[in-house]
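Dear colleague,

I am handing over the structure below for your use. The notes that follow it set out what was found there.

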Amino acid sequence: MSGNITLLSDVLARAKAENRAALVGYLPAGFPTVDDGVRAISAMVEGGCDLVEVGLPHSDPVLDGPVIQTADDIALRAGVRIVDVLRTVREVHAATGAPVLCMTYWNPVDRYGVERFAAELAEAGGAGCILPDLPVQESAGWREAAERHGLATVFVVAPSSRDERLAKITAAGSGFVYAASLMGVTGTRESVGREAQELVERTRASTELPVCVGLGVSNAEQAAEVAQFADGVIVGSAFVKELLQAPDVETGLAGVRALAADLAKGVRQRA
């Protein structure tokens, strides 16, 4: 079975045709439980996310700040496994029809088996993988498997990436480019900063792929700011906070849905 890279490209193209940025939501699988995680990620789409990222919880998530680390820890302590991540991808895509990507560090994929992971992610209806710690120069095996199975390979670029390095990363990637707007780990910020716009401009000089910005957006105002220059706005920690701070699951799901709706208004303020 082929994955949904074409669906991903179509959804991003549709947002561009509507003169707006796409809204991308992130939550780790298995948080707060596997079943409720499926409901929460589906709620992001119901609220207005165009596509979603399902995180594969990791014991040492070096790119992620304390909020996502807390969610990962809850999922891991409950015994979440790769099979649960794939189930989450399958059920969210089946429920929403939206493109669903897996965001994961490389070690779990390598240990699970590159071909096996790509095949099973595609079979689950996945659209691709975001691999923040996989060096481009070591990625050929994964990229070949992903291409065989109709999956996007999304690489992360940062303000520290030199232009020559950006060109190599974007040439190897597919689907879109994930631009980390600030140096450091994920988490909500008071301001997403000028660095993000400069990074998007430099990245666009080397690729036709859409450039989506993550790391820091938490409200409609920030989403609108990023939507002025990016093809997509990625939000993760703010959704995790809605679930962490809620007194019960139903309240958390309502908060996730409402936040998605608010952010969806923000990304449309460019139009």
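In these notes, buried means under 20% relative accessible area, exposed means over 50%, and partly exposed lies in between (1.4 Å probe, protein chains only). By that rule R20 counts as buried, because its relative accessibility is 5%.

Please note that this is a predicted model, in which local features need pLDDT of at least 70 and side-chain atom pairs count only at pLDDT 80 or more, while totals for chains, interfaces and linings use all residues. Residues are numbered from 1 along each chain as its sequence is written, and side-chain values use heavy atoms, with hydrogens and water left out.

Helices (H or I, at least four residues) and strands (E, at least two) are DSSP runs, numbered from the N terminus. R20 lies in the loop between helix 1 and strand 1 (22-28). A polar contact is a pair of N or O atoms within 3.5 Å; within protein, one atom must be able to donate a hydrogen and the other to accept it, and residues adjacent in sequence count only if both atoms are side-chain atoms.

N19 is partly exposed, because its relative accessible area is 41%. Although N19 is not a glycine, its phi is positive, at about 60 degrees. P32 lies in the loop between strand 1 and helix 2 (34-47). For background, most residues other than glycine have a negative phi, and most peptide bonds are trans.

I5 belongs to helix 1 (residues 5-17) and is partly exposed, with a relative accessible area of 23%. Contact here means heavy atoms within 4.5 Å. Beyond its neighbours within four places in sequence, I5 is in contact with A127, G150, L151, A152 and S174. V45 sits in helix 2 and counts as buried, at 16% relative accessibility. Not counting residues up to four places away in sequence, V45 touches V52, T96 and A98.

The pair E115 and H149

E115 is found in helix 6 (residues 114-123), and H149 is in the loop between helix 7 (140-148) and strand 5 (152-154). Their side chains make a polar contact at 2.6 Å. Which of the categories, buried or partly exposed, applies to E115? E115 is partly exposed, because its relative accessible area is 36%; H149, at 14% relative accessibility, counts as buried. Leaving aside neighbours within four places in sequence, E115 is in contact with A145, R148 and H149. E115 and A146 are 31 residues apart in sequence, and their C-alpha atoms are 8.2 Å apart in space.

The nonpolar core

A nonpolar core is a set of buried Ala, Val, Leu, Ile, Met, Phe, Trp, Tyr and Cys residues joined through side-chain atoms within 4.5 Å. The largest one has 94 residues, and those with the most contacts inside it are L51, F117, W142, F176, Y178, V233 and F239. Helix 12 (residues 249-267) gives the most to this core, with seven residues. Apart from neighbours within four places in sequence, F239 is in contact with residues including Y26, M44, V256, L259 and L263.

Helix packing

Axes are lines fitted to C-alpha atoms, for helices over the stretch in contact, and angles run from 0 to 180 degrees between N-to-C directions. Helix 8 (residues 163-172) and helix 9 (residues 194-204) pack at an angle of about 65 degrees, with their axes 9 Å apart. In this pairing, D163, L166 and T170 of helix 8 meet L199, R202 and T203 of helix 9.

The axes of helix 10 (residues 220-227) and helix 12 come within 7 Å and cross at roughly 35 degrees. A220, A223, A224 and A227 of helix 10 make the contact with D262, L263, G266 and V267 of helix 12.

Yours sincerely
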